Protein chains: 2
Amino acid sequence: MPDDDEFNLLDFLPYLLNQAAEESSTAFHKVYKDRYGMLRTEWRVLFHLGMYGDLTAKEIALRSRTHKTKISRAVAALEKRRFLTRTRDTRDKRHEILNLTAAGQSAYLDLRSVAQSYHKDLISQFSEQDAKRLRDMLRRLARTD
Amino acid sequence: MPDDDEFNLLDFLPYLLNQAAEESSTAFHKVYKDRYGMLRTEWRVLFHLGMYGDLTAKEIALRSRTHKTKISRAVAALEKRRFLTRTRDTRDKRHEILNLTAAGQSAYLDLRSVAQSYHKDLISQFSEQDAKRLRDMLRRLARTD
DNA sequence: GGTTGTTAGTTACAAAATCAACTATTACTC
DNA sequence: GAGTAATAGTTGATTTTGTAACTAACAACC
C-alpha cells in the first residue's frame with residue numbers, strides 16, 4: 001500500500017495471506033479428505049504425531065496454536081478411525097499420551113509424500129533465494145520461530 | 001524443505017500460509033466483530049463494495065473467490081444492518097446491484113483505516129524491498145493477478 | 001488435611017460453514 | 001415459440017466450529 005488514500009484490498013496483508021492460504025490448501029485438502037475422510041485439524045494432529053513422536057493433546061495444541069476443543073475432537077475422530085491410541089500417564093493421570101497406530105503411521109507417510117510434492121510444485125515457481133525469503137517472512141508473521 | 005527425508009511441517013507452504021494468515025487476521029477480526037458485529041465474509045463484501053463501487057453478488061464472489069452462498073448470506077446480513085441496498089437490474093432481473101448506504105460507507109471508511117494501520121504494523125518489520133517481494137509472491141500464490 | 005487454584009481434557013449449546021436442491025429469469029436451439 | 005440449458009441468487013439440512021461450562025486430577029497454601 002504505497003499511498004495512504006489509495007487503499008488496495010489486494011495488498012492488504014491479512015487478506016492476501018488468507019487468499020494464498022486458501023488457494024494453496026485446496027488441492028491438499030481434497031486429498032486427505034477423499035483418501036482418509038480427514039478434516040484440517042485431523043491431518044494437523046496426524047502430522048504433529050508423525051513428525052514429533054508421541055505427544056499429549058495439550059502439546060499439539062501449543063505447537064499448532066489450535067484451540068484445545070478442536071484438538072480434542074480431532075483426536076477423538078482419529079481414535080475412532082484407529083489411527084491413534086491414548087495412554088494415560090501413570091505419573092499424572094490428567095495427561096494422555098497419544099501414539100500413532102501402524103495405520104496412522106502409514107496414513108501419515110502417505111500424506112507426507114503428497115504434501116511434499118505439493119510443496120515442491122508450489123515453491124518451484126520461485127527462485128531458491130525467494131523461496132527462502134518467503135519462508136522466513138511467513139514464519140515471522142506466523143510467529144512460529 | 002531442503003532434504004527429501006527430512007520433512008518439516010513448519011516449512012510446508014500451505015501450513016505456513018495458514019498459520020500466518022490466522023495470526024495476522026486475529027486482531028483485525030476482533031475489530032470488525034466487536035465494532036460492527038460482522039463476520040469475515042461480511043467485511044469482505046463491504047470492502048469490495050467500498051473499493052470497487054456497486055457490484056452484483058456474483059461479481060463479488062468472483063473477485064473474492066468466495067462461494068455464492070456465503071456471499072448471499074453476508075449480503076443479507078449487511079442489508080439487515082442497513083449497510084447496503086439492492087436494486088434489481090431492469091435489463092436482467094436476475095441481477096441485483098448492491099450499493100453501500102451512507103452507514104455502510106462510513107463503516108467501510110472506518111474499517112479501512114483500521115486495516116491500513118494493521119497492515120502498516122505488519123509490514124513494518126520488513127524492508128521495503130522484502131515487503132514488495134512478499135506481496136508479489138503472495139499474489140502469485142493467491143492467483144489474484 | 002481441607003480449601004482454593006490450576007491444568008488436561010470433554011461436552012453441550014449456539015453460531016457458522018458446507019453442500020445440494022430449489023426458484024426465477026434469461027439464453028439457446030430446433 | 002416450445003423445450004432445454006444456463007445463470008443469479010436463496011433456502012434447508014447437515015456438518016463443523018466457537019464459547020462456556022463442566023469433570024477429573026493434581027498443586028499449593030494455610
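Author: Begin with a definition. A residue is near a strand if one of its heavy atoms lies within 4 Å of it. Keep in mind that this model is predicted. Helix H4 (68-80) of chain A, helix H3 (57-64) of chain B and helix H4 (68-80) of chain B each supply at least two residues of the surface near DNA strand D.

Reader: Which helix gives the most to the surface near DNA strand D?

Author: H4(B) does, with four residues. In total, 20 residues surround DNA strand D. Among the closest are A:Lys93, B:Lys58 and B:Arg73.

Reader: How many residues of the surface near DNA strand D are charged?

Author: The count is 13 charged residues, beside five polar and two nonpolar ones.

Reader: Next, the two protein chains. How are copies compared?

Author: Two copies of a chain are related by a rotation about an axis and a shift along it. Here, a rotation of 180 degrees with 0.0 Å of shift superposes chain B on chain A, with an RMSD of 0.1 Å. The two copies are therefore related as by a two-fold rotation axis. The same surface serves both copies, as 100% of the contact residues of chain B recur in chain A.

Reader: And how is the size of an interface given?

Author: Often as the accessible area lost when the parts come together. Chain B and chain A bury about 5900 Å² between them, 61% of it on carbon and sulfur atoms. In chain B, the residues losing the most area to chain A are B:Phe7, B:His119 and B:Met137. Together they make up 11% of what that side buries.

Reader: How many salt bridges are there between chain B and chain A?

Author: Eight. One pairs B:Glu23 with A:Arg143, whose closest N and O atoms are 2.7 Å apart. On the side of chain B that touches chain A, H1(B) provides the largest share, 14 residues. That side divides into 27 nonpolar, 11 polar and 18 charged residues.

Key. Residues are numbered from 1 along each chain as its sequence is written. Chains are lettered from A and ligands numbered from 1 in the order in which they are written. This is a predicted model: local features need pLDDT of at least 70, side-chain atom pairs count only at pLDDT 80 or more; totals for chains, interfaces and linings use all residues. Side-chain values use heavy atoms; hydrogens and water are left out. Copies are superposed by least squares on the C-alpha atoms of residues with pLDDT of at least 70 in both. Contact means heavy atoms within 4.5 Å. Ala, Val, Leu, Ile, Met, Phe, Trp, Tyr, Cys and Pro count as nonpolar, Asp, Glu, Lys and Arg as charged, and the others, Gly among them, as polar. Buried area is the accessible area (1.4 Å probe) that two parts lose on being put together, summed over both. A salt bridge is a side-chain nitrogen of Lys or Arg within 4 Å of a carboxyl oxygen of Asp or Glu.
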